[in-house]
Amino acid sequence: MNLFLTKLNSKLRFNLNISENERQVNRIDELIKESLDLHRVDPSKGKELAKEALGLAEKMNYHEGWARGYYALGASSIWLSEYDNALTYSFKALKLLQEEGLAHDTVRVLYNISITYFLIDDLDSAIKYSQKCYELSDKIKFAHGMAMGINAKACVLYTDNRNDEAIELITEGLEFAKKSDDIEIQAKLLDGLGQAYYNTGEYDKAFECKTKCLEIVRSLKSMGTVAFALDGIGMIQMKRKNYDEALNNFEEALKIRQEIGFVAGEANSYLHIGQLKKALKDDVAAKKFYEAALELAITIGSLKIQYKAYHYLADIYEAKDDLKNFSIYYKKYHETKEAFLRQHIQKKYKTRELIAQMEQVDSERVLLAKKNDELKKYSNDIRVLSEIGKELTSTLNFDEILEKVYNQVNSVMDASVFLIAMYSEEEDVLTYEFCVEKDIRMPEVSVKLSDDDGRLATYVIRNHKEVVINDLVEDIKLLEGVHPMGAVAGELPESIIYMPIVFHDKFLGVISVQSFEKNAYSAYEIDLLRNLAVYAAIALNNAVSYHNIEEQVKERTAEIEQEKQKVEKAYNNTELISQLGQKLISSLNLDDVMVEVYEKMNQLMDAGYFGLSIYDEQKKVLHCKYSIEKGVWNAPIDFTMEDPSNLSVYSILNKKDLFIHDIEKDIGPLLGDKAKPKLIRGDVPECCIFIPLINNDEVLGIITVQSFTKNAYSDYHYSLFKSIASYFIIALENSRSYERIQKIVEARTSEVRSQKEIIEAKNKHITDSIKYAKRLQEAILPPQKSVEKYEKTSFVLYKPKDIVSGDFYFMEELEDKIVFGVVDCTGHGVPGAFMSIIGYNGLYQIVREKGVSKPSEILNQLNSQVLNILRQTEESESVNDGMDIAICCLNKKTQVLEFAGAFNPLYHIREGEISIFKGDKYSVGSVKRSRIKEFTNHEIKLQSQDHIYIFSDGYADQFGGPKGKKFKYQEFRKLLAQNCDLPMAEQRDLLEKSIEEWRGELDQVDDICVIGVRF
């Protein structure tokens, strides 16, 4: 009975576990579905749900939930503008979905990857994954997925101004979309079709497509897509000058994007509203919206939106004739755009590196799961093999080589029989130089080979190939001309490996490992022996051909040098592009830099002909201002836009690049079978690239590079030339802006020059006066002799911010006592200098004339003097200045140091430990001190090698470092404690060097004064 109950309870528990697992699976699936439903409406919530699902799936090892959880997480990340995360999650999902055989979800992830690449402007990768999405969908007959792949590819096409191709492709995609139950893909395709028509200026067709798209996505409540559709319609209405309707669309799109947290979209909405306000000549409102877009773009790190905002703001200030702000924002526009272009290239490399890392991680994960137990052995074998190779290749003695090979290989695998035989090609003889069987060395044997002797060694030598046998009787039948025979020495083995020893196609002999067990050797051990044969070949060749080693080293060095040159060339190309771009964008006159620019470009590619033509929109003329053919610069020439057989004209009219590999073959499909390319002058090229220079739909000109050799340019060269084109666009924009600015500057130059002369005269008078004041101030500081007297036991670091200073140091001797201090007066420069004179005279009178040496009493009397001199009372606050002071008195007989401070502290260091004696929290001469309080007196009994430091606040308050922050007292104390054992002069120099390095290019913000004393 008890046994029956035990079995029944066990069965019930099993059923309960199944039920719980089913509930967990259902819960995971529900979370993922809800996340995917929300990823456009509320992506933050969608991301939260996806993470919860992923955590549950990992806990119960539910692979399908794991895969789809990453898919959902990537989908939400796209709409949160977290594109790096989106790619990471999507690639993880892709690998897992492929392993689970979930083809339909794999299609959707491929689409998300393509769209993410599109959003970060990596159009090549976007095309690649859109094609994968389409091909997999076609393979599994998934019409909806085919439409998705077409939509992703079309996005790239109309973004790249290949609008006719995009329209044709989307029309095909709509046919597939009609076969799908999901009408959302129809909306996406309609949106893309509307964008292509918008790009070609067909605004009525664009409006019709965008309106149909909006109707669909409103019914689906897909708010992110609704916002995109509204934004597109608003742009169309603005082109039609229907400004009220455009504003309504933009504002509704903005509200949606704010609600769903799509920050990048919100910033774009602000830009569009700003453009609308600018069109309405409401520059104040336009500026407000551009600044809002800029603030958001900086928050999310979107350089693309930033440079657009800077450009629009520069236009606002230019229209207001605000030259100063125009220059600031125009400079930021170019700096940010260049940073965006660099980031664009870096993101391409980063995302491709991400793919490689993901693939590597997945590969390693599978390998570790299957072979974890073998890893330690493999690691040890590799180490041993490395040691073998190191020992072998460093040994030139033949007998030592053979002995070492045997000892090492016997530690890695079953080497019951091990032999190395050397082959003489002239005599056709194989000599078994070294043969060991069961740890017993066999006598040396030489064998004359013949083609029919049936030996394995003969087969290896004649065929120059390795032999692996795991069952002698069965496997020997597979080798033509080989048959079992008696062993040269010892008994016959069951498993045999024969490896040829070959060095640079020279057959040196064979190496063999043999076991008396069947199937003794794994593929890994075979590979180890294969590598060992390589090491043996090197070692044996070194031993018999030592006299040729210098030649071998030279050959290897040449190979390495060639590889090095390839790497250096790729790096140098990147450097040249950057240098070329800097030359272009930093010059306002292309005449000054074109020769150098061409020379750098000619290092990147074969530029048999290079030309830059500037487009005059009003005259409809291309002005070929710069062209060079076969090293000779041509005179400028103009030509009209009426002849499309001119390839420059054709490229501009169609607003697309031309990349012609073979002009004879490629020109027919381009211009017509009978057409011939029209040349301005010179010889007909064989290969050429034309890139129109377009900025914000405005054609600025065109550049071309041409070669007189067919197929001279690769895709790599095309990519380089595209990068160069982007710099030419900036250079032409700079040139135009410079011309506008120059007119404004010329109008004001005369006025500015006369004002400058007046200001310079006044500045010279003021500066001369201040320099004279500096000499007066330096005269009141302690004489140099009195300072130098203590230079081995003390230092003074004194660095005024301006010509004159508000900080000063004080030192006087009274019999057996030395009174010294650091004073920081209110302000710096001239105001501070005035206060320093009051402070120094007061201290001199109190200490030298009255003989007061107690620090607290010195401060009390100085406070009364300053209050009286400046007439500072609670009733009169016209002057509210004072001094922060740290003052000390050292009794040389008793070695007792007294200290009092007004705000400023004293640092005492003993045996590496730092103590802080704080000053009172009120300044000398402050109006708040009119109700007299006594300053606190501190006493310190000094020991040998004690250090004390007093200072103003200028050192700790200096801004600098990588983030432009204050140096701070904590770092100041650390610097003092770490270096207090150095000689005092070195401490001063180190403090000065440290604060200068910290300050860098920033201005000094305050006067600096530090006194250090060693006892």
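Is K241 buried or exposed? K241 is exposed, with a relative accessible area of 59%; here buried means under 20% relative accessible area, exposed means over 50%, and partly exposed is anything in between (1.4 Å probe, protein chains only).

## What you're looking at

This is a predicted model, where local features need pLDDT of at least 70 and side-chain atom pairs count only at pLDDT 80 or more, while totals for chains, interfaces and linings use all residues. Residues are numbered from 1 along each chain as its sequence is written, and side-chain values use heavy atoms, with hydrogens and water left out.

So how confident is the predictor? pLDDT is its confidence in each residue, from 0 to 100. The chain averages 82, and 83% of the residues score at least 70.

## The chain as a whole

The chain has 1015 residues, and 47% of them count as buried. Its secondary structure comes to 30 helices and 26 strands. Both are DSSP runs numbered from the N terminus: helices are H or I with at least four residues, strands are E with at least two.

Take the contacts between residues at least 6 apart in sequence: 62% of them join residues at least 24 apart. The accessible surface comes to about 52,200 Å², and 50% of that belongs to carbon and sulfur atoms. Those areas come from the Shrake-Rupley method with a 1.4 Å probe, and for residues only the protein chains shown count as cover.

## Two loops with a positive phi

Most residues other than glycine have a negative phi, and most peptide bonds are trans. K241 isn't a glycine, yet its phi is positive, near 70°. You'll find K241 in the loop between helix 11 (223–239) and helix 12 (243–260).

D697 is another non-glycine with a positive phi, about 70°. Look for D697 in the loop between strand 13 (687–695) and strand 14 (698–707). With 55% relative accessibility, D697 counts as exposed.

## A buried histidine

H947 lies in strand 23 (residues 947–951). Why does H947 count as buried? Because its relative accessibility is 1%.

H947 also has polar contacts, meaning pairs of N or O atoms within 3.5 Å; within protein, one must be able to donate a hydrogen and the other to accept it, and residues adjacent in sequence count only if both atoms are side-chain atoms. The H947 side chain reaches the backbone oxygen of Q945 at 3.1 Å, and a polar contact of 3.0 Å joins the side chains of H947 and R1014. Leaving out residues up to four places away in sequence, H947 touches several others, including Y907, C980 and V1013.

## A buried alanine

A154 sits in helix 7 (residues 143–159) and is buried, with a relative accessible area of 0%. Not counting residues up to four places away in sequence, A154 touches A166, L169 and I170. A154 and G173 are 19 residues apart in sequence and 9.4 Å apart in space, C-alpha to C-alpha.

## Rings and charges

A pair of aromatic rings is described by the distance of the centres and the angle of the planes. Rings of Phe, Tyr and Trp (its six-membered ring) pair if their centres lie within 6.5 Å; planes under 30 degrees apart count as stacked, over 60 as edge-to-face and the rest as tilted. By this rule there are 33 aromatic pairs. One of them is the tilted pair of Y270 and F289, 6.1 Å centre to centre with 35° between the planes. That pair links distant parts of the chain, with Y270 in helix 13 (residues 263–279) and F289 in helix 14 (residues 283–300), 19 residues apart. Both Y270 and F289 are buried. Y423 and F507 form an edge-to-face pair, 6.0 Å centre to centre with 90° between the planes. Y423 lies in strand 1 (residues 417–424) and F507 in strand 7 (residues 506–515), so this pair ties together parts that are 84 residues apart in sequence.

Charges can sit over rings too: NZ of Lys or CZ of Arg must be within 6 Å of the ring centre and within 35 degrees of the ring normal. K332 lies over the face of Y329, 5.7 Å from the ring centre. The charged end of K438 sits over the ring of F516, 4.7 Å from its centre.

Definitions and conventions:
pLDDT = per-residue confidence, 0-100. Contact = heavy atoms within 4.5 Å.
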